[in-house]
Amino acid sequence: MVDAYKPMDAFDSMTESTFILKPSLTPKQSTSKKAGANHQPAFTNGGFVPLFQGKESVESMELRRKLFNDMWGPPLEQLLVDTEQQVNQVGVSEVCNYVSSSYTRVESVEKGQLDQPFAEMSTAVAFAGVNTGDHSKLFESLQAQLTASGHHVALLESQYCTSLASMLKCMLDQILSSLDEGQRSAGSSRLGVLAGAKTIAYDMGMLKLRWDEAAGSTNTRSSRVVVILQDFEGFAPMVVDDFVRIATSYCHSVPIVVVLGLATSYESIHQSLTKASISMLNVEKFNLQRSKECIDAAIRSVFVRATDMLSFGAEAYKSLLDQFLLYNFSITGFVKKLKFAAMDFFYAQPLSVLASMLQCSAGGVLSVCDCPIRLSPEQAELIRMQKSVQRFLEQQLEEGGDRNHFHLALSDDEYLQKTVLPQLLRRLVSFRTGYCLGIDFVVALQEMVSESLRKPIRTLHYYGIGQKFDDCTHWKALSAVVRRMKAADMERLLAKLGAVADAAAIVDWDFATKDGLDIPQLLQQSRALLSNPDAVVKTGSADSAEPSKRIRTRTDMENRPFLLFDNSSSDQMLSALDQCCANIETILRACLSPYQSVPLYEVFYYKHSLLLDTTFSAQPRAAVQAALGKTAYYIDCDCCKVATCDSDDPDTASEDGADQRVMPSMHDTSIAYRLHQECGRMINLYDWHSAFSSVVEGESPKARGSSPCQRAIQARFMRAVEEMRLLGFIKSTQRKTDHVIRLTWGM
């Protein structure tokens with residue numbers, strides 16, 4: 001318990017402790033070279049440490065480090081970069097074509113074109129989406145492509161263009177340097193008349209002078225001066241308005257094209273610029289927001305097709321997808337979360353060395369090789385502890401397997417590594433290849449259904465790993481569409497599925513599906529069945545006197561609506577269609593089986609969704625409320641714990657009662673927070689102060705004799721109230737000056 005008032009130091013306040021205080025360098029640290037020479041790095045081996053409480057071998061640790069660098073270094077990172085550039089290339093190319101075709105007069109023989117009495121500046125409005133963190137990479141790609149096309153580009157950001165002078169300076173520095181490089185590449189010895197000036201007055205007249213000078217030495221007829229405002233909403237409206245007026249007056253001599261990067265909507269232009277300035281712009285709209293298409297392509301490349309890389313379980317994948325869809329559509333955040341999962345896998349999973357046994361050939365065929373190192377006894381025992389491995393061995397034993405094989409797999413580490421482990425990995429590899437084939441089948445099937453039933457690849461992958469085939473509503477809807485298909489549509493569907501199966505790089509169909517189904521042969525049988533429907537074997541009756549065409553019932557019409565318009569199909573054809581539908585459902589059910597049935601899925605399917613959520617989806621309000629509401633557990637307060645344990649009342653001595661009690665030894669902000677939870681929406685400051693004083697002074701008469709003075713209590717109360725105001729728990733009101741409004745509820 002606090003007996004007397006003591007002044008608070010710099011780290012006693014919870015609000016001040018949330019800020020970072022940089023340590024001041026001593027003269028020895030800032031000037032001594034000897035101290036820097038003997039400095040030891042904070043992390044060795046890239047942060048990798050031996051697992052199993054330091055018993056892991058150095059070879060295994062180095063192998064995990066090499067695998068992580070090989071996975072996230074050139075292959076995966078370059079794959080994501082290439083995928084993003086390929087998806088965004090369409091919108092970037094459209095903007096580049098617009099810039100190249102601007103300021104070109106279209107003259108016709110039949111109808112001439114007169115010069116306009118006023119100048120209009122070509123303006124491209126590029127909608128880049130709400131993912132502002134990815135705008136820099138997107139507009140840098142646009143700048144690079146425009147520069148490669150021979151244009152002179154200036155990329156401006158609002159944080160460096162707070163005024164018109166700073167905006168012109170940033171623009172002219174980039175444009176003039178680009179013009180100078182063009183003159184040097186052309187071999188011209190003429191320099192700008194202002195190049196050697198000590199002080200340069202940045203204005204558009206300098207740009208016109210340099211442009212006219214460059215026009216005499218280089219071919220600038222096809223070049224444009226492109227000014228890209230990366231974050232248009234961040235610029236001051238008056239600055240952009242003045243820049244538009246000035247730049248428009250020089251458009252007749254310098255071909256200036258402005259690219260406005262928008263994150264919200266076109267209305268922001270009308271809110272920032274005046275009508276007079278907007279009338280000077282020749283606006284063309286472009287859509288650069290390709291975040292969803294980019295994520296679909298990345299998921300297809302990383303999760304669906306890349307069978308030699310880390311996969312995600314259902315919960316971890318949902319966390320990865322929710323961060324993108326429900327928050328900011330940020331591709332950068334998606335990549336960071338993916339990299340963090342890869343780091344957690346290779347840094348903390350001792351069985352990640354098994355990834356070295358998977359090799360992908362140039363043709364995309366994945367094979368299993370020997371492990372480059374010998375597994376330690378701890379790693380071998382950890383493999384045996386996996387439930388999927390135990391289930392696999394028990395299944396082999398039930399199917400009549402050799403008991404000696406079962407005994408050696410559980411006792412001999414070398415036999416486990418040389419014989420059993422390759423079998424497990426082959427089943428895992430074949431399952432992933434079959435799953436990729438199943439997703440391709442669904443994509444081909446969706447091309448023949450209505451737009452309302454089509455789902456993107458990110459949703460299909462979630463259905464594939466998160467739900468069983470018989471429980472997924474989307475699979476049921478697609479199966480219902482297949483049952484209603486006519487013979488011609490069924491033939492086209494089987495042809496598409498056959499083309500997908502022929503293009504698949506699968507050599508062992510026995511392991512590709514759960515039941516060892518030969519998919520190409522089954523598709524071939526279905527196509528042959530449609531071409532010869534009389535070959536359908538009728539079951540349940542051997543009577544061949546059944547007519548080839550019976551009367552259609554209402555159930556037949558509901559199941560096959562095409563019978564309402566075309567009733568020429570025979571019963572044999574309808575039976576063949578039913579058999580084809582059953583075969584397609586069997587194929588999809590076999591390919592899209594749950595990954596929990598595959599051996600070693602616990603290792604290669606990342607499942608730490610809670611770690612991803614706590615790392616990338618922080619909840620500061622919940623953390624602050626937990627710190628203020630449960631101080632004893634948050635900062636390990638011994639005095640509060642002792643006071644709780646010494647209580648004679650069993651109700652107050654319980655854990656829940658300890659969380660609700662207000663102790664005088666608690667932090668002032670914690671006391672004020674607990675007291676304000678007992679109030680309603682309006683909190684009377686006088687009543688709040690009285691309750692705070694009664695807690696601080698203590699409950700026993702002995703404590704009151706050594707209690708702090710009223711001025712000290714008032715100062716501490718004022719500081720606690722201001723901290724709660726800063727944290728966002730309360731706010732002042734003009735209706736009642738002696739009251740504050742409570743803003744948070746719950747917890």
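Strand β1 (residues 121-127) and strand β4 (residues 256-262) are paired in the parallel sense over 6 bridges. Within this pairing, A124 lies opposite V259 of β4, and F127 stands opposite L262 of β4.

**The parallel sheet**

The strands β1 and β4 belong to an open sheet of 5 strands, arranged in the order β2-β3-β4-β1-β5 with parallel pairing. Because β2 (152-156) and β5 (281-287) stand at the edges with a single partner strand each, one side of each is left without a neighbour in the sheet. On average, and with direction ignored, neighbouring strands of this sheet are turned by 20° against each other. Helix α6 (residues 135-148) packs on the sheet and touches β2, β3 and β4. The direction of α6 makes about 165° with that of β2.

Strand β1 also pairs with β5 in the parallel sense, over 7 bridges. The bridge partner of S122 in β5 is N282.

**The antiparallel sheet**

Another open sheet consists of 3 strands in the order β10-β12-β11, with antiparallel pairing. Here β10 (682-684) and β11 (730-732) are at the edges; each has a single partner strand, so one side of each lacks a neighbour in the sheet. The pairing of β11 with strand β12 (residues 739-742) is antiparallel and covers 3 bridges. In it, S732 stands opposite V740 of β12. Helix α34 (residues 685-697) lies across β10, β11 and β12 and runs at about 60° to β10.

| Strand pair | Sense | Bridges |
|---|---|---|
| β1 and β4 | parallel | 6 bridges |
| β1 and β5 | parallel | 7 bridges |
| β11 and β12 | antiparallel | 3 bridges |

**Helix α33 and its contact with α36**

The axes of helix α33 (residues 668-676) and helix α36 (residues 710-727) come within 9 Å and cross at roughly 70°. That angle makes α33 roughly perpendicular to α36. On the α33 side, the residues that meet α36 are D668, T669, A672, Y673 and H676; on the α36 side, they are R716, A720, E723 and M724. By class, this contact has 4 nonpolar, 2 polar and 3 charged residues.

An α-helix has 3.6 residues a turn, so residues three or four places apart point the same way. With 9 of the 9 residues of α33 buried, the helix is largely enclosed by the rest of the structure.

**A buried histidine**

H474 is located in helix α20 (residues 473-483). Its relative accessibility is 5%, and therefore H474 counts as buried. Leaving aside residues up to four places away in sequence, H474 touches Q446, L453, K455, L460 and Y463.

**The protein as a whole**

The protein has 36 helices and 12 strands. Of its 747 residues, 43% count as buried. Among contacts between residues at least 6 apart in sequence, 73% join residues at least 24 apart.

**Confidence in the prediction**

The mean pLDDT of the protein is 78, and 75% of the residues reach 70 or more. Confidence is highest in strand β3 (residues 225-229), at a mean of 93, and lowest in helix α31 (residues 650-653), at 43. Over residues 106-111 the pLDDT is below 50, and this stretch has 1 contact in the model beyond near neighbours in sequence. For residues 700-704 the pLDDT stays under 50, while the model has 6 contacts for them beyond four places in sequence. Where pLDDT is low, the predicted coordinates should not be read in detail.

Definitions and conventions: Residues numbered from 1 in each chain as written. Predicted model: local features only at pLDDT ≥ 70, side-chain atom pairs only at ≥ 80, totals over all residues. Heavy atoms only, no water. Axes fitted to C-alpha atoms, helices over the stretch in contact; angles between N-to-C directions. Helix = DSSP H or I, 4+ residues; strand = E, 2+ residues; numbered from the N terminus. Parallel < 35°, antiparallel > 145°, perpendicular 65-115°, else oblique. Contact = heavy atoms within 4.5 Å. Nonpolar A, V, L, I, M, F, W, Y, C, P; charged D, E, K, R; others polar. Pairing = 2+ DSSP bridges. pLDDT = per-residue confidence, 0-100. Buried < 20%, exposed > 50% of the residue type's maximum accessible area, 1.4 Å probe, protein only.
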